[in-house]
Amino acid sequence: MSGRIHPARRAWPLSIAAVLLAALPLPAQQDPQGRQQPAPYSAPQSATPPVPNAPGQQPLPQAQQPNVSPDAPLPRPDGTSVDLRDVKPLTPETPGAIGGTQQTQQVRTNTNAPRREASAPFQTSPFRLIAPYRAAHVPPVPAANPARIDSLVRDGKLYLSLHDAIALAVENNLDVEVSRYNILLADTDLIRAKGGGNLRGLDYNITQTSPGVGAQTSPLLNAATNGTTAAAAPQVTDLSQITQAGNTTQQTLSSTNSLAYAPGPQVPLFDPIVTAQAGYLRRSDQKSLIETGNGTTGTGTGAAAGSGSDVSSQPLSFVNTGVDYQQGFSFGAQIEAFVSNAPQVLYSQTSQYNPFHAPSTNVTFTQSLLRGRGRAVNLRFVRIARLDQQVSRLLFEQQLLETVYGTSRLYYDLVSLGENIGVKEEALAAAERLFRDDQSQVAEGTLAPIELTRVQALLAASRLDLIQARGEYRQQEVILRQNLLRRVGDPVTQFASIVPTDRIQVPATPPQLDVPGLTADALATRPDLLQAGIQVQANEIAARGTANGVKPLLNLYANVQTRGSSLVPYELLGSPGTGNAQVPAALTQGGLRLSTIYQGGIQLTLPLRNRIAQADAARDAVQLRQSQGRAAKLENDVRQQVENATVALENAHQAYAAAVESRNYQQQLLQAEIDKFAVGASTNFLIVQDQAYLAQARSTEVAARSDYQKAQLALDRSLGDLLQKNGIIFDEAVQGELADHP
């Protein structure tokens, strides 16, 4: 019966035609610049009371009338809507002030550190006796500044432009905040290296923003309607599987990763070290052999002795002390000096004329001749730490790029999901009007009940589509809110919903892209590629230090002792990067003689096979080649990403043009079926089918517009200039306080 015209239906074709014409979207207008503007829209009136079902038909759920423009759908929690096509962003978008290459140079040479997160300046002056021994106090994670977000909240809703969303993310996002601390880590490593320590490394993790609902429902909206059935079953999206947390990627070019470089030669003690010891000693009376006048010896206990008498001393109490001073120098030398009263404690009496009454001294100067010689080797950690300072700022810039990119995607997905709600509401309204009209015709006996069942199926599918669209929008709000707030659930920053005030604009003409020029810009501005180059430099420095460790240990020394009687003990110069010096073995030992000793010589350590040092040097050379290969591969990846992004942008523009054309043709087909139906040349089935196809074509147009915007964002991300295009100044981002530039 659906393929023929019922005789009784020729009396009411104009009624259905009027209903479907009212459901059609008006043609899009164009502004003077040729861009498409939303058509005037009048919200449908409230639903009329439902007509009783035809006999044998299932009852319909309560109607859900749409009352929002498909071009500006901004649903509220209470179910109403607001038209914000004329609302301007509360904070104007700021154009970039400087070019990408200049910005990158400023990032590399920038020395500013976060003020709110930083500890008090280190007090390392030796003239301040207590300050160097107090631990630095790092303040807790700063709380969010509610001033910006308070200025955007009206009536419990956050009216948000893209620029405001990015500013809130830069100031409040915890991934960005964690990356700020990386700058402070690099500064502490430099101070540690200047003191003679090795490096503890940086955090090379970059956290990507959650893809949100748009990635799970890819393409963003439902797939195109297939088959010839008008009431095609919609696809159901499992919202419980939407990704909420960010994905983490890690750079692997650093010398601080799991493939760490060998420690290399000992590091000089750039921070002088004083080692002291003091203790109480009581010496009992002692007896000694004495020579008598006739050449014989004897023992005695007397206090004094003449010819043939004994000599002894009374019990004495002493405070034994020893002080040692060590300091290393960048050219590979070390000086050590210590003073001890051990000879006085062990051998002297109370008389000041006793030659052991004064303490003994020992001064040694040692210079490395092979291993550990030269500033290039001994300052390697200082140079790497300075490079790491640049890397830490580039890592922060990369985290900013990922956050800005992710926030922009989430924002535009929210815009598209809102537009999709409008499309689904319009489709539901048209289905409800058709259902009410067909229901009346069935009651009059001019339409077969099977046609009402067909419309009921379309109505149920349209209602399910709308329910899913609203659920996706609300979940996208939750994900975007988490990205913008420092603390989710903070009562200071409570708002019921997010209302995006920006719209996606697709240019009428396709973009003209210079791929070689864009690639050159990306190679000069991408922070991850610059990190790779700097890390290769740091790895070269570390590998040269390891190669120096293959050489034998040959030291030249000079020593002066007073009241000395010992040779210079063999000691390793410096420390393995801990800053802890070796305690001299002679610190509490006094000389047995009254002589002043001058010594000089060489000390040699010669591993006969030296396999460990050889293996370390070879491994570090191989790892250096690996890092160079990864850097070259990353450069190839950048070139590929730029080229792919340009292809995707061009394809997205063509796809959008095709989607608009498809929607126009589908609209014409529906109008043609309505005209044919008015003269009895079409059927209710074909009108219902074309109405479903038109609704899906409009959803496809919304998805194509969203895809174009995200392709543009992907190109900007591949070029590494998202900060400049969004007017973000690096120094302000480091401090976490973006100014509203005029």
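Start by selecting helix H4 (residues 162-172) and helix H9 (residues 380-444), whose axes come within 9 Å and cross at roughly 140°. Helices here are DSSP runs of H or I with at least four residues, numbered from the N terminus; axes are lines fitted to C-alpha atoms over the stretch in contact, with angles from 0 to 180 degrees between N-to-C directions. This is a predicted model, where local features need pLDDT of at least 70, side-chain atom pairs count only at pLDDT 80 or more, and totals for chains, interfaces and linings use all residues. Residues are numbered from 1 along each chain as its sequence is written, and side-chain values use heavy atoms, leaving out hydrogens and water.

H4 and H9 are therefore oblique to each other (angles under 35 degrees count as roughly parallel, over 145 as roughly antiparallel, 65 to 115 as roughly perpendicular, the rest as oblique). Next, show the contact (heavy atoms within 4.5 Å): Leu162, Ala165, Ile166, Ala169 and Val170 of H4 meet residues of H9 including Leu400, Tyr411 and Tyr412.

Now colour the largest nonpolar core, of 72 residues; Leu160, Val170, Phe396, Leu400 and Ile728 are those with the most contacts inside it. Such a core is a set of buried (under 20% relative accessible area, 1.4 Å probe, protein chains only) Ala, Val, Leu, Ile, Met, Phe, Trp, Tyr and Cys residues joined through side-chain atoms within 4.5 Å. H9 gives the largest share of this core, 17 residues. Another core of 31 residues lies apart from it, with Ala193, Leu394, Ile534 and Leu634 among them.

Finally, select H13 (residues 611-678) and H14 (residues 684-719): their axes come within 8 Å and cross at roughly 165°, so H13 and H14 are roughly antiparallel.

Key. Helices (H or I, at least four residues) and strands (E, at least two) are DSSP runs, numbered from the N terminus. Buried means under 20% relative accessible area, exposed over 50%, partly exposed in between (1.4 Å probe, protein chains only).
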